[in-house]
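Subject: Structure handover

Hello,

Here is the structure I promised to pass on. Please open it first, then read my notes below.

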Amino acid sequence: MTNPAHAGRMLFVNIPVADLERSKAFFAKLGFDYNPLFTDETAACMLVGEHAFVMLLSREKFAEFSKRPIADPTTHTLALYCFSVSSRDEVDAVSAAALAAGGSEADGAEDYGFMYARSFFDLDGHGWQVMWMDPAAAEQGPEAFVASIQDADTAA
């Protein structure tokens, strides 16, 4: 891989779901859309970002891609899925939508000042986190951002 961050790179995360239509409806209630070109009765291509997608796959379809046994997400964690939103209020709104759509809360709110997040389990038990990060913290990195705030407080 000579250019790991090339402009055309896309990310596809594949996860197994027990009931594809139920999962599609759940994530639609959280505001996600699907690419119809890559969605059928066995898979749904959920749009997460400009070049980032989550493939919701029936357990049978997922098994075609993996030669290992499929873990039960209600008892084993293989990954945690995190996506960002544009504000702290949107973190709360998306989390509330997830709970209203049948998801369950994983943790309480996490507030680090420069970052705010909430976590939930989807209908299959996969762990998701929705988060907002101050754009300056995202650009500078959290340590430099916190230091700049502390320096400003000290100067005042």
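What share of the contacts in the protein with a separation of 6 or more comes from residues 24 or more positions apart? The share is 48%, where contact means heavy atoms within 4.5 Å.

Some ground rules. This is a predicted model, in which local features need pLDDT of at least 70, side-chain atom pairs count only at pLDDT 80 or more, and totals for chains, interfaces and linings use all residues. Residues are numbered from 1 along each chain as its sequence is written, and side-chain values use heavy atoms, with hydrogens and water left out.

The overall picture:
- The protein has five helices and eight strands. These are DSSP runs (helices: H or I, at least four residues; strands: E, at least two), numbered from the N terminus.
- Their order along the sequence is β-α-β-β-β-α-β-α-β-β-β-α-α.
- The C-alpha trace spans about 60 × 45 × 30 Å along its principal axes.
- Of the 156 residues, 33% are buried (under 20% relative accessible area, 1.4 Å probe, protein chains only).

D122 is buried, yet has no salt bridge (a side-chain nitrogen of Lys or Arg within 4 Å of a carboxyl oxygen of Asp or Glu). R22, the nearest side chain of opposite charge, is 7.1 Å away. The D122 side chain does reach the backbone nitrogen of D124, at 2.8 Å. A polar atom of that side chain also lies 3.0 Å from the backbone nitrogen of G125. Leaving out residues up to four places away in sequence, D122 touches I15, F26, F27 and W128.

Best wishes

Definitions and conventions. Buried < 20%, exposed > 50% of the residue type's maximum accessible area, 1.4 Å probe, protein only. Lys, Arg positive; Asp, Glu negative; His and termini not counted. Polar contact = N/O pair within 3.5 Å; in protein donor to acceptor, adjacent residues only side chain to side chain.
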